[in-house]
Every structure is written in C-alpha cells, then in structure tokens.
Amino acid sequence: KQWDNFASITDLEIFPPGDPEDEDYRHFIVADVFVRIGPEDSDSNPGTGWFRTGKLVAEDGIDINIAFALQRGLILWTAAAMWPQLSSKGQAAAKLMQVGFMPPSMNMADESEPALDEEESEEVQIPQRVAIKDDVSLKNIGFRPDFNPKGFTYKRRERSAMKTKKSALDEIMDVND
C-alpha cells in the first residue's frame, strides 16, 4: 500500500512538477533512504555502512521527519529483507539499526550494490525525533524500495502483471482435459 501511496503522490517523480503558483500544483518532498547497523557506543565497532534502501515521500506540508517516524518499521523490515549484510548480524544487531537520508536523486540500488563509501556516508543525515501530529494521514506519505528483495512483491502493479490471463483457446483446452 505504501508503494501505491508513493506512486500516487509523486507519479514517480522526485521533485514536484509544475509551478508552485499553479492552482493544481501538488507539493511533496522525497528523500533517498539508507539503513545501517550503527555502533553500540562511540568506542565500539561502527557496524555496517549505509545501504541505499528506497525513497520516502511526504506531501501537504508534512515534515519529512514525521514521515520517517511513521515509516521506520517498514523501512527497517524492508532493508533487512533487501540486504543480507544487515540481517546476517542477528537479533542483537537489529536493535542497532538506524535510518538515514539524503536529498533525492535518480540513483537506485540493486542487489549487488555495496554500502556507501566513507565520503558518501558523511552526507547521510539522521532523521530528527519529532512529535507526530494527530492530523497526519498515512495517505500523505509513502515509501518504496529501490528493488524487490527475492521472494517479495511490493508493487501492486507488479502483482497484477504476474497474473497471466489465459487466452480463450487455452481456457477451452483446459475444459476438455
């Protein structure tokens, strides 16, 4: 459902098209999403690097930090399914998973992409903890992964495409079997 929200809000754009002065202009904010296993404390092993996971959107004046707070569980669950480097660390490491973001880009991860290098990692920002307003609707935020982990189909459109329709001839042939 969050993929559908992302697609309906952004029409798969990373910046709002059109002129903000136009009556039908829809403002939204997109962020590139990253996940890592962070350090236990400042003296410990840094965990893993940042793995590109997907894109998050917030519209109608919703603070992107609120969108992260509401989508954190989905983002972490998705990242663990996408990146064996994260899930292989076990349950103790799961408590140390962190979400980060960068301004939107056209970059998309694939299964073979490594974690960000040290220089790129310096650009990742940690979402701020903010109070969630009562009037925030989940319809105004969305998340979509950069790719579907093996065995998962997030995108409703992909699920529909996977259902192949039988031709009339094939249906007749099945009836006569």
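**View 1. Residue L12 in a loop of the predicted model.** In this predicted model, L12 counts as partly exposed, at 48% relative accessibility. The residue lies in the loop between α1 and β1. Although L12 is not a glycine, its phi is positive, at about 65 degrees.

**View 2. Residue D11 in the loop between α1 and β1.** D11 is found in the loop that runs between α1 (2-10) and β1 (28-37). A relative accessible area of 63% makes D11 exposed, because the term applies over 50%. The phi of D11 is positive, about 50 degrees, and D11 is not a glycine.

**View 3. The aromatic pair of F51 and W83.** The structure holds three aromatic pairs. One of them is formed by F51 and W83 and is tilted, with 5.1 Å centre to centre and 35 degrees between the planes. This pair links distant parts of the chain, since the two residues are 32 residues apart: F51 belongs to strand β2 (residues 51-59), and W83 to the loop between α2 (64-82) and α3 (84-87).

**View 4. Burial of F51 and W83.** F51 is buried, with a relative accessible area of 4%. W83 counts as buried as well, at 1% relative accessibility.

**View 5. The aromatic cluster of F51, W83 and F147.**

Note on methods. Residues numbered from 1 in each chain as written. Predicted model: local features only at pLDDT ≥ 70, side-chain atom pairs only at ≥ 80, totals over all residues. Heavy atoms only, no water. Helix = DSSP H or I, 4+ residues; strand = E, 2+ residues; numbered from the N terminus. Buried < 20%, exposed > 50% of the residue type's maximum accessible area, 1.4 Å probe, protein only. Phe/Tyr/Trp six-rings, centres within 6.5 Å; stacked < 30°, edge-to-face > 60°.
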